[in-house]
Amino acid sequence: MKRSLTAFHSWKALKAHYRTMRRQHLRDLFVGDPLRGRRFARQAAGLYVDFSKHRITEETLRLLVSLAHESGLRERIRAMFRGDRINVTEDRAALHVALRAPNDHTFYVDGVNVVPSVHDVLRKMASFSRRLRSGSWKGHTGKPVRNVVNIGIGGSDLGPLMAYEALRYYSDRRLRFRFVSNVDGADFTEAVLDLDPEETLVIVSSKTFTTLETMTNAQTARRWILSRLRDERAIARHFVAVSTNREEVVRFGIDPSNMFEFWDWVGGRYSMDSAIGLSTMLAIGEEHFSRMLGGFHAMDEHFRRAPFDRNLPVIMGLLTVWYTNFFGAETMAILPYCQYLKRFPAYLQQLVMESNGKSVTLDGAKATYATSPVIWGEPGTNGQHSFYQLLHQGTRLVPCDFIGFCQPLNDLTDHHDILMANLFAQSEALAFGKTAAEIRAEGTPSWLVPHRTFDGNRPSTVILADRLTPETLGSLVALYEHSVFTQSVIWRINPFDQWGVELGKVLAKRIGDELKGEGRVRSRHDSSTVELIRHYRKHRVREER
C-alpha cells in the first residue's frame, strides 16, 4: 500500500513550516527582500505571472516542489503525454494535449498516433467554416446562414461560450451566435426569439447524442426549424453534430458528412479546442483558431519540460495546495480585469471543481485532507462594488487570481489605464492593507479606526499578458488545466471523471416520469421528495398545444 500523502516527509515539513509562516506578514516579507517582486515572478508562453504577494518564502517554494517530486508529478506528466490510461476509473487516456499538437508531432493512444485524426477533423472543421463564413453554405430555402445556435451542456457549452465571449473582438460580426444549455425552456426561447429559422444553423454537441438536456433542446430546435420550413430535408441543411454516435446522428436527420468527431480520451471540460469548438472556429475563423491552438501547445510544452520551480502551472497548483491544505482556505476568486473574459470564472468552475471535487483517492480510500477549493469570481471592476468588501475585511481567507492585459483591444481615452490601476491597487491593498496607526495619522476619530483598518496579508497572483489574443487565451486555459492536474497528483485523485453528477441524473429521470403521471408517487422516495412531487403535480398547469 502506498504511503498516505500526510505521511510524506515533504508534507510533514510543510506542516511545520506553516506554523512559522502563518505568523509572517507580507509587509515584513517585502521589507526584508527588496527584490521580492522580481524573485517571485516567472514568464512562459506569453504570460507573466507574479506570485510575490503570496505568503511564501524561498523555503516554502522549495518544500512545495519537494512535495511535487515526492508525489511523483514528473512521472504523472510523462504518463499523460504518453497516452497512458491515467483516467483509471473509466479506463481511458486523458490526452487533450494531442488536440493542439502540430501535425508533425506524435501522441499515442493504444499504440496509434492520434495526431493525424485530430488534424483530419480540424481540416473538416476549417472547410465547413470557410463555406459558412463565405456564404456558400446555404439553408434549405437558399438563404445564407447568419445565425449559429450551439446546443450543449457542461464542457460542450461552457468552453465554446467562454471562448466566443473572450475572442468576440476577432469574430465575424455578420454572424450572430447564441448558446443554449439549460433545459429550462426560457433558455431556448430567448435564444431564438429574434432569429429567422431559414438563416439559422444549429450545432448539437453531445458525445453520445443521448444527453437528456442537450437532446431535449435539440428536439425543440428541430421542431422550431420545421415549423417554418415544413420539410424534413431541411434538417440536413440546418443542423450539424459534434458527436461520436453516428447512428443517433443519422436518426435525428443530420447528414453524417456533417458530423464532427471527437474521442473518448477527451473529457468534456477539456474539449474546447476539439470539434466542440466548432462554433468558436465559425466565429473567429480557422486562422485565429489555429493561433489559439498554438497558445495551448506552447503552455503544454512549458508544463511538460520546465523545472518545477520555474513551471507556471506547477507553481500555481502547488500554491493552491498550500492554501487549501495548510491555511484552510475553502474558496478561490478568479478576477479577470477584462470584460471579454466575463465567462472565464464560470468556465474555471467546471474545470476545477468537476475535476478535483473528489473525496476518494485513486486507490479507493477516503481522502483525509481537503481537495478542490470552491471557484468563483466576476470581472473587475464590477466585483469591486460587489464582493471585494469580504476579500479585504471579511473573516475568510480567499486567495485571488487577477488577470489583466497591458494593451487594450478597445483603446478609449484613459479607460484601460484606470482599469489596470484598479487591478494593481487591489492586489497591493489585499497584500499590505492599512494599519490602525496609519488610519489614526489621517485624523480619523478613534471610534472609526477599527472599521477602516485593513489587516492585509491576503494572497493574490497577478497574471499579465501583452494583449488578449487567441494565443493568449489558449495559454491561459492550458495554464489552469495543468494547474488542476498538478493539484490532482498531489491529492491522489482522478481529475478526469465526474461520477458525482451521475446520481442526480438517474434520480431526475425517475422523478421526471412521475411528474408526468397521475398515479401514486412511489413510496421509495423520502417523505420530503414525495410531498414536493405531489405539490408540483397539483399546481402544474399545462398549456394546451
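This section describes the sheet, the helix packing and the salt bridges of a predicted model.

The sheet considered here is open and consists of six strands in the order β1-β2-β13-β12-β10-β11, with mixed pairing. Its edges are formed by β1 (41–44) and β11 (374–376); each has a single partner strand, so one side of each is left without a neighbour in the sheet. From one strand to the next, the twist averages 15 degrees.

Within this sheet, strand β12 (residues 400–405) pairs with strand β13 (residues 460–465) in the parallel sense, over six bridges.

The burial of β12 was examined next. Six of the six residues of β12 are buried, and the strand is thus described as mostly covered. In a regular strand the side chains alternate between the two faces of the sheet. Cys400, Phe402 and Gly404 of β12 lie on one side, while Asp401, Ile403 and Phe405 lie on the other, and both faces are covered. Helix α16 (residues 415–432) lies across β12 and β13 and runs at about 155 degrees to β12.

Helix packing is represented by the pair α12 and α19. The axes of helix α12 (residues 278–305) and helix α19 (residues 470–491) come within 7 Å and cross at roughly 35 degrees. This crossing is right-handed. On the α12 side, the contact is made by His288, Arg291, Met292, Gly295, Phe296, Met299, Asp300 and Phe303. An α-helix has 3.6 residues a turn, so residues three or four places apart point the same way. The α19 side of the contact includes Pro470, Leu473, Val477, Glu481 and Phe485. By class, the contact between α12 and α19 comprises ten nonpolar, six polar and four charged residues.

Both of these helices also take part in the surroundings of helix α5 (residues 73–82), whose buried residues pack against α4, α12, α13 (312–327) and α19. The buried residues of α5 are Leu73, Arg74, Ile77, Ala79, Met80 and Phe81. Just after α5, glycine 83 takes a positive phi of about 85 degrees.

Charged side chains were then considered. A search of the whole structure finds 36 salt bridges. In one of them, the side chains of arginine 3 and glutamate 70 meet at 3.1 Å, N to O. This pair links distant parts of the chain, since arginine 3 belongs to the segment before α1 (9–21) and glutamate 70 to helix α4 (residues 58–70), 67 residues apart. Arginine 3 is partly exposed, with a relative accessible area of 44%, and glutamate 70 is partly exposed at 27% relative accessibility.

A further salt bridge joins the side chains of arginine 85 and aspartate 91, at 3.6 Å, N to O. Here arginine 85 counts as partly exposed at 38% relative accessibility, as does aspartate 91 at 47%.

Arginine 452 and glutamate 442 also form a salt bridge, with their closest N and O atoms 3.9 Å apart. Because arginine 452 lies in helix α18 (residues 449–452) and glutamate 442 in the loop between α17 (436–441) and α18, the pair ties together parts that are ten residues apart in sequence. Arginine 452 is partly exposed, at 37% relative accessibility, and glutamate 442 is likewise partly exposed, with a relative accessible area of 45%. Elsewhere, salt bridges that share partners join Glu75, Arg78, Arg82 and Asp84 into one network.

Definitions and conventions:
Residues are numbered from 1 along each chain as its sequence is written. This is a predicted model: local features need pLDDT of at least 70, side-chain atom pairs count only at pLDDT 80 or more; totals for chains, interfaces and linings use all residues. Side-chain values use heavy atoms; hydrogens and water are left out. Axes are lines fitted to C-alpha atoms, for helices over the stretch in contact, and angles run from 0 to 180 degrees between N-to-C directions. Helices (H or I, at least four residues) and strands (E, at least two) are DSSP runs, numbered from the N terminus. A crossing is left-handed if the near helix is turned anticlockwise from the far one by less than a right angle, and right-handed if clockwise. Contact means heavy atoms within 4.5 Å. Ala, Val, Leu, Ile, Met, Phe, Trp, Tyr, Cys and Pro count as nonpolar, Asp, Glu, Lys and Arg as charged, and the others, Gly among them, as polar. Two strands pair if DSSP finds at least two bridges between them. A salt bridge is a side-chain nitrogen of Lys or Arg within 4 Å of a carboxyl oxygen of Asp or Glu. Buried means under 20% relative accessible area, exposed over 50%, partly exposed in between (1.4 Å probe, protein chains only).
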